Amino acid sequence: MYAIFENGGKQYKACVGDLIKVEKLHGNVGDSVEFPVVMTADENGVAAGAEVSALKVTAEITGGGKDKKIIVFKYKPKKNERKKQGHRQPYSIIKVTAIGGAAEKPAAKKPAAKKPAAKKTATKKTAAEKPAPEAATADAQ
């Protein structure tokens with residue numbers, strides 16, 4: 001049985017026990033990671049789409065590093081513009097441990113209930129406390 005899984009915008013073919021070089025993963029050596037399955041194939045046939053939406057590829061990070069250097073050279077003729085850069089893409093090496101159902105997720109904690117806010121009592125102002133409108137006093141004069 002093998003599965004096609006997705007990581008970093010790329011798809012990889014994996015069988016249990018394979019070592020695969022993938023995009024850099026945030027984790028330490030020995031950590032377990034899961035990837036969503038795009039397609040599986042076994043003696044029963046090929047499955048894809050909604051049939052494999054619950055499946056995961058489980059793998060263990062075994063190492064990492066950087067690829068060989070590539071040279072990026074930008075040049076514009078007649079402008080005296082030249083820029084030379086090097087780039088080494090980081091990667092992680094994973095070992096596929098299982099292909100199958102998603103691991104059980106721990107129950108999510110419910111947020112603490114909020115205490116009801118204290119009610120504010122509205123006080124009515126009497127006619128004596130209310131300021132008189134300025135327009136009314138200006139018309140009287």
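Q: What counts as a strand or a helix here?
A: Helices (H or I, at least four residues) and strands (E, at least two) are DSSP runs, numbered from the N terminus, and two strands pair if DSSP finds at least two bridges between them. This is a predicted model, in which local features need pLDDT of at least 70, side-chain atom pairs count only at pLDDT 80 or more, and totals for chains, interfaces and linings use all residues. Residues are numbered from 1 along each chain as its sequence is written, and side-chain values use heavy atoms, with hydrogens and water left out. The chain holds one helix and nine strands, in the order β-β-β-β-β-β-β-β-β-α.

Q: What do β1 and β2 form?
A: They form a hairpin with two residues between them, and glycine 8 in the turn has a positive phi of about 65 degrees. Strand β2 covers residues 10–14 and pairs with β1 in the antiparallel sense over five bridges; alanine 3, for instance, has alanine 14 in β2 as its bridge partner.

Q: Which residues have the most contacts inside the largest nonpolar core?
A: In soluble globular proteins, nonpolar side chains tend to be buried together. A nonpolar core is a set of buried Ala, Val, Leu, Ile, Met, Phe, Trp, Tyr and Cys residues joined through side-chain atoms within 4.5 Å, where buried means under 20% relative accessible area (1.4 Å probe, protein chains only). Here the largest such core has 18 residues, and those with the most contacts inside it are Phe5, Ile20, Val22, Leu25, Phe35, Val57 and Ile94. The elements giving two or more residues to this core are β1, β2, β3 (19–23), β4, β6 (55–66) and β9 (90–101).

Technical notes:
Buried means under 20% relative accessible area, exposed over 50%, partly exposed in between (1.4 Å probe, protein chains only).
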